[in-house]
Amino acid sequence: MERQKVLVSMREIQRYKILQEVIAKRLKGVEAAEILKLTPVHISRLKARVFKEGFEGILRRSPSSAPNKKMTQALEEEILSLRRELYYDFNILHFRDKLEEDHGIKLCYESVRRILIKAHEHQSRRRRKVHRQRRRMPKAGMLIQMDSSQHQWLEAMAEKWWLIAMIDDATNEVPYARFFPKDTVFSNMHVIRCFIERKGLFMSLYADRASHFKTTRHGGLHVQVGSEQADTQIERALEELGITLIPAHSPQAKGRIEVTFRLFQDRLIKEMRLAGIKDYREANRFLIDRFLPYYNSKWTHEAESAYLPLPQEINLDLIFCIKEQRSVNKDNTISFRGQMIQIPPSSLRASFSRAKVEVCLLEDNRIIVLYKNQVIAESMLSQENKTLRRERRIEKILNQREYLRNLPGLPKTPWIPPKTPPWRRFVYGKKQNPQSPFLNISK
C-alpha cells in the first residue's frame, strides 16, 4: 500500500506538542489557548480530534472533502426565487428573518449574503463608521425619547404622513406610535397620552426643539426686553404631570429613536406592502396591533421599571389640551377663538364677572371652562369658526403645492439665467449703456 505524503508546517507540529501537554494534564486549556492564540472552545475541539485521530486530526482538511452542511442547488434556487418575487426590496437581515419565520429556512446572515452576492442580487458596501453611543438609562421610565418622521409610508399614496413615536431609552420598547397627516400639538399630545395610559408616568421626555415643544428665540428687541419665553402647551402639560422636558440640540442626541425610525422606514414599509395595506387607517391598525408587538418582542431589553401609576383623580382631558386664560366680561361671557361662550350661574358664584378662568380646547374641538379647577361651562368649537376656516384654507393651499410638485406628467422647465444679470444693468441707480464694457466681462 502506497503511503500518502503530507506537507506539515512547523506551526502544526508546535500545535500538536502543546495539545499533547494538555492531554497529559501538564497544561491547562486556557493557557494553551493563550499560547496558540485560539479560543478555549477550539482547543477542546482540537483535543478531541487528537484523541480520536492522532496527529492527522489537527491537519487541515482536504479541500475536496464535502462540508458537513452543504447548501444544495435546489435550496439556493428557492431562496433566490423568494427574493425576486416577494422580498426584492428587503435588506439581508430582514430577508433572513422572513425566510426563518414564514418559510422555515434557517440560515445565518453570511450564508444568505453569499448566495445573493453570487447571484448578483446584492452588492457589498463599505462598512459605516460606528460612533460611540451614550450609555442606556439603568431603569425603564427614567428617560423617554420622542420624535416624528415625515415619509411616504405607503407606496400606493403619494401623500407623505408623519409617524410620531416614543421609545424607552433603557429597554428600547415602543409601546405606542401612530401615523398623522400633520405634525401638530394635538397629534404629539395624543401619542404622549396613549403612552402614559399604557405604561404609566415617566420621569423625563427627550425631544427636539420643535415649536410645539420649545419656544426658541434667536434675537431681536423682544428677546432683549424679556429673555424668558412662555411655556408651550406641551411643556405646561408635562409640568402638571411632573415630567421634565429635555430639548435636544441635534438629531444625534436622540439616536435611539432615530435608529428606530430608520428600521421602521425599511421594515415597516415592506411589511405593510406584503399585508396589502392601502390607506393610513389600515396602516395605523397594522402598526399598533401587529408591527409594534413584533418589534417589542425582538428588539427590546430587560430592565427594572421606574414607571409610576397614574393617579385616579387626574383627568388627562384637562391636561392634554390647549389651555388659555380669559377674563369674564360683565355679561358673563368670554371670547375664545372668535367665538362667544356664555357662562351660566353656578353654585360657586352667582356671577363670574371679571373673574379669571381657564379655557381648555380639547382634541375633539370641545371647549371646557374652568374656575379654580372646577368645570363651570362647556361648549363646542363651531366648524364655521374663523380660526378653523383659516387653517383649512392654508392646508388646502399647501396640499395643492405639494401635489403639483409631485405630479408625474408635469414638465420640468429648467431656469436659464439671463445673459445680462440685473445687477450689471444698474450702477449707482442709473441704467447702464448696453455698449458698456462692464456688460461684456463674461466674454
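User: Where in the chain is K25 found, between which elements, and what makes K25 count as exposed or buried?

Analyst: In this predicted model, K25 belongs to the loop that runs between α1 (10-23) and α2 (29-36). Its relative accessibility is 75%, and since exposed means over 50% relative accessible area, K25 counts as exposed.

User: What is there to note about the phi of K25?

Analyst: Phi of K25 is near 65°, which is a positive value in a residue that is not glycine. Most residues other than glycine have a negative phi. K37 also has a positive phi, of about 60°, although K37 is not a glycine either.

User: Why is M380 called neither buried nor exposed?

Analyst: M380 has 46% relative accessibility, and because buried means under 20% and exposed means over 50%, M380 is placed in between and counts as partly exposed. This residue is part of strand β13 (residues 374-380). Leaving aside neighbours within four places in sequence, M380 is in contact with Q339, D364, N365, R366 and I367. M380 and I368, which are 12 residues apart in sequence, have C-alpha atoms 8.6 Å apart.

User: How do you know whether R236 is buried or exposed, and what does R236 touch?

Analyst: The relative accessible area of R236 is 15%, and as buried means under 20%, R236 is classed as buried. R236 is located in helix α9 (residues 233-240), and, residues up to four places away in sequence not counted, R236 touches M189, D231, L318, I319, C321, I322 and K323.

User: What makes T171 count as buried or exposed?

Analyst: T171 shows 6% relative accessibility, and the limit for buried is under 20%, so T171 counts as buried. T171 lies in the loop between β3 and β4, where, not counting residues up to four places away in sequence, T171 touches A140, W299, T300, H301 and A303.

User: Why is the pair of Y87 and F95 called tilted?

Analyst: The ring centres of Y87 and F95 are 5.8 Å apart and the planes stand at 50°. Centres within 6.5 Å make a pair, and because an angle under 30 degrees would count as stacked and one over 60 as edge-to-face, the pair of Y87 and F95 is tilted. Y87 is buried, with a relative accessible area of 3%, and F95, at 0% relative accessibility, counts as buried as well.

User: What makes the pair of F195 and Y307 a tie between parts of the chain?

Analyst: F195 lies in helix α7, whereas Y307 lies in the loop between β7 (304-305) and β8 (322-327), so the pair ties together parts that are 112 residues apart in sequence. The two rings are 6.3 Å apart, centre to centre, with 50° between the planes, and this aromatic pair is tilted. F195 and Y307 are both buried. The count of aromatic pairs comes to 13, and one aromatic cluster is formed by F264, F291, Y294, Y295 and W299.

User: Which residues touch the most other members of the largest nonpolar core, and which helix gives the most to this core?

Analyst: The largest nonpolar core has 47 residues, of which M166, I192, F202, L205 and F320 touch the most other members. Helix α7 (residues 185-199) gives the most to this core, with 7 residues. With neighbours within four places in sequence left aside, I192 is in contact with M146, M166, L205, I234, L238 and F320. A second, separate core has 25 residues, L154, I167, M272 and I277 among them.

User: Where does helix α11 bend, and what do the buried residues of α11 pack against?

Analyst: Helix α11 (residues 280-298) bends by about 45° at L287, and L287 is itself one of the buried residues of this helix, which also include Y280, F286, F291 and Y295. The buried residues of α11 pack against α5 (92-102), β2 (144-151), β3 (161-168), β4 (177-180) and α10 (255-275). At the start of α11, a side-chain oxygen of D279 comes to within 3.1 Å of the backbone nitrogen of R281.

Conventions:
Residues are numbered from 1 along each chain as its sequence is written. This is a predicted model: local features need pLDDT of at least 70, side-chain atom pairs count only at pLDDT 80 or more; totals for chains, interfaces and linings use all residues. Side-chain values use heavy atoms; hydrogens and water are left out. A nonpolar core is a set of buried Ala, Val, Leu, Ile, Met, Phe, Trp, Tyr and Cys residues joined through side-chain atoms within 4.5 Å. Buried means under 20% relative accessible area, exposed over 50%, partly exposed in between (1.4 Å probe, protein chains only). Helices (H or I, at least four residues) and strands (E, at least two) are DSSP runs, numbered from the N terminus. Contact means heavy atoms within 4.5 Å. The bend at a residue is the angle between axes fitted to the seven residues ending there and the seven starting there. A polar contact is a pair of N or O atoms within 3.5 Å; within protein, one must be able to donate a hydrogen and the other to accept it, and residues adjacent in sequence count only if both atoms are side-chain atoms. Rings of Phe, Tyr and Trp (its six-membered ring) pair if their centres lie within 6.5 Å; planes under 30 degrees apart count as stacked, over 60 as edge-to-face and the rest as tilted.
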